[in-house]
Amino acid sequence: MGEFESTLNRQQAAIEAERCLYCYDAPCEAKCPAHVPIPEFIQSIRSGNMHGARVLVQEAHPLIEICGRICPEEEFCQSVCTRAKVDKPVRIRELHRFVTDSTDAAERLDIPAESRDRVAVVGAGPAGLACARELRLKGIRCEVFDARRLGGVPAQEVSWNRCPREVQEREMHLLASKFIDEVHIERVTDVGSLMREYAAVFIATGLPAESDLPIDGVELVGVFHARELLRTVKAGMASGTGRRVGVVGGGNVAIEVASVLRQEDPTRDVTVVYRRSIKELKAFREEIDEATRLGVTYQFLAIPDCILGETHVNGLQVTQARLCEEDESGRCRFEPLPASSYVIPLDTVVIAVGQRPDDDVFHGIGRSSSGLIKVGENMQTSMPGVFAGGDVVSGARTVVEAVRDGKKAADAIVAYMAGGK
Amino acid sequence: MYREHDLSYDFLGIHLENPFILSAGPPTDELDMAVDGLKAGWAGVVLKTTSVEENPVNLKYPMMSSFGTAAHKVWGLGNIDLISRYHIGEICARVSTLKHLFPSKMIAASIMGSRKEDWQSLVWQLRKAGIDLIECSFSCPQGSMGEAPGKMLAQSVEATEKVARWVKEAADDTPVLIKITPQVTDIVEVARALQRTGVDGVTASNSVPALIGVDVETMEPRPSVWGDGAYSGMTGMAIKPLTLRTIAEIARNVEITISGNGGAYSWSDAVELMAVGASNVQFCTMPMHYGFGVIRDLTSGMADYLERMGFRSPRDIVGKALSHIKAQEDLSAPVTYSDIDLDKCVGCGGCFRACRDGGHRAIVWDSVKRQPSVDTERCPGCGQCMQVCPVNAIRMKEEIDQHLHYFEFRGAR
């Protein structure tokens, strides 16, 4: 408590809290995938009842420390704040963060005795942890499997700058010590055998595989994959990248790895190479702003042709693109301009063009063409008793959406175990 | 540069360049502060209450405290101040200096005594110094002098009348105001007693006896003086409604000049005090908060108001609202209901919730459109929804024989 400076101090938080209109059917709360009771916790900030605020947030959401820092509030709660119709939205995420920064985790928990039947949760990221905690709160014994460690993407890839180590570890410790009966660090590839031992299984293994760039030169020394790099740096090791880095991609991971590499060495040139324009970047504004602040530069309208070099990377050949009509998502399509190729001199290329589920696992469970697990309305897969959620179902999404899936699946699992379907 | 509406008028034979006076309190307790206030444009000062030379004044610090919210800290201000530590000799010297420096401003002083000879000696000395007006504090809530310390003089009608006669006798043709407290059973009785004495008017009113707060962790009252506290006199915005009622009640019943005091924070607050019967308005808490410079907004706001309303002088405002103030049973009984302007409504649902839990369950909430609507059959028109609406989208529609009248918020509030 108190080690990290919140973005709002006590007085600023109290004043900001007074701006909340305390809407009757709060649209912020409905928009929050985890349904954090926003007006109520803000009311508690207003009255100085910080413990009460903490309990409200913590009950709704197992990963409140990290979400108070990285949740893209402009996509969720703040995007629908009624106060915006008066002047501007209440700074909900910063108030949330004020709660977590100024209080200790509420540990006086009333957790029911655990059941004889056990549930296996495969994947200890936000979705898996949310499911496990929810099940445990409903009295169901839960065991968690993960190939690496507790915490998933936030723990392994979100940089310490965005969410400090102590904060993340404190949160994981609370979850592990209070809600999870056993953690197995092992990679699960087959759910059939788990189903013989457990009453139900929840798969939330995320997107561990990184997509490759289908061009020549990806085998050269100096070519990296973005998420692997993020894990390396976060583990405290040097990235091993050079002086002139090109990050290929236009999503959150591309922007984040670019920021992390600039932070590691502010004298290094880091350029994001993207096929479309600044408007089409699929990253949260806050992350783009942060990258810009750190000195990340951009090469827009550049389609990678091949990575150049003998044994080591010495450049990236690209063709210039032009934007055309909008696609169904409202983003512009692009097409190459003839005879417009040029070379960007680089000694490092980082590939950040997407991620997908492992494809050699969970045979017998229905998947989409892109490898994502298909689920029904109640998060159940094609195999009875096996449920799934998080990125492995929806593709890359946010922490809070994974939490929503985990909570929803827990309800469905309880219903399933009670004999429903 | 910009020529403003003339705000000057006559008050008890004294020329006032505008209706705004610095009242007896910290802003007038030092000569240089009074000078600065008058230079800034205040029409006059009432120097902080003084007493005879032998009267001991034991001040305790800290003396100020306040209550409010995070965004609005000083909703009410409290003090455990007493009268000035400067005695009559010093005050008379200041009166001469100020009269010399500001011949066209109103230089007044507030006094407090116990025995007849004290009161009268204070008055004589001030008259000799050239005072324009004498105010008598009968209502300092933090302690008094004389027969019943701790009790305000103005809480005894008999004592009030007796002392006021002493003062007026000594004052002769120098105008005298008696500063009274709202903390009495019948304010009209007090005002009538004063009218009988021939004093020139009343200052209505003073700070209100209060306990500003308690620290819930240490159990110490606010302000905490070495762990203990005393009752405060409360001033500031929180007491404006009490002052309005006090002034109105006197003005409706007694033919006596009133100087308004207590809770005014803006030119429009001053208009309100004058509209219910005050001839001018004294300020203390507001300049203590924002400085003497606020006079500029007070005068320009008042000038614009007079212009807009077609009033020639601030005096034209005095008592203008009184004919509308009646006993509850004498009010009309229109058919009333809540009228919501959906173009202004932001859809917070505050009115719905307030009506559901504190009104008459007459507002229907459309959770799809996120919009309220009024069930006019159920709505008696209590007006609670209108109070909680954050964007003033609600007014009360009143109807008698197809004639309409509205109760609504105007302005920025």
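This is a predicted model: local features need pLDDT of at least 70, side-chain atom pairs count only at pLDDT 80 or more; totals for chains, interfaces and linings use all residues.
View 1. Helices here are DSSP runs of H or I with at least four residues, strands are runs of E with at least two, and both are numbered from the N terminus. Lys179(B) is 15 residues away along the chain, with 11 Å between the two C-alpha atoms.

**View 2. Helix 4 and helix 5 of chain B, packed together.** Helix 4 (residues 157–171) and helix 5 (residues 187–197) of chain B meet at an angle of about 30°, their axes 9 Å apart. Axes are lines fitted to C-alpha atoms, for helices over the stretch in contact, and angles run from 0 to 180 degrees between N-to-C directions. That makes these two helices of chain B roughly parallel. (Roughly parallel is under 35 degrees, roughly antiparallel over 145, roughly perpendicular 65 to 115, and the rest oblique.) On the helix 4 side of chain B, the contact includes Val157(B), Ala164(B) and Lys168(B); on the helix 5 side, it includes Val190(B) and Leu194(B). By class, the residues of this contact split into 5 nonpolar, 2 polar and 5 charged. Nonpolar covers Ala, Val, Leu, Ile, Met, Phe, Trp, Tyr, Cys and Pro, charged covers Asp, Glu, Lys and Arg, and the others, Gly among them, are polar.

**View 3. Helix 3 and helix 6 of chain A.** Over in chain A, helix 3 (residues 38–47) and helix 6 (residues 92–102) pack at about 60°, with axes 11 Å apart. The two helices of chain A are therefore oblique to each other. Ile38(A), Phe41(A), Ile42(A) and Ile45(A) meet Ile92(A), Leu95(A), Phe98(A) and Val99(A), a contact with 8 nonpolar, no polar and no charged residues. Helix 6 of chain A is largely enclosed by the rest of the structure, since 10 of its 11 residues are buried. Its cover includes helix 1 (10–19), helix 2 (27–31) and helix 3 of chain A.

**View 4. An open sheet of 3 strands in chain B.** The strand order is 17-20-21, with antiparallel pairing; strands pair if DSSP finds at least two bridges between them. Strand 17 (335–340) and strand 21 (403–407) of chain B are at the edges, each with a single partner strand, so one side of each has no neighbour in the sheet. From one strand to the next, the twist averages 30°. Strand 17 and strand 20 (residues 394–400) of chain B pair over 6 bridges, and Tyr337(B) stands opposite Lys397(B).

**View 5. Thr97(B) in helix 2 of chain B.** Thr97(B) is partly exposed, with 15 other C-beta atoms within 10 Å. Val35(B) is 62 residues away in sequence but 9.5 Å away in space, C-alpha to C-alpha.

How values were computed: Residues are numbered from 1 along each chain as its sequence is written. Chains are lettered from A and ligands numbered from 1 in the order in which they are written. A residue is buried if 20 or more other C-beta atoms lie within 10 Å of its own, exposed if 12 or fewer, and partly exposed in between; C-beta atoms are placed from the backbone. Two residues are in contact if their C-beta atoms, placed from the backbone, lie within 7 Å.
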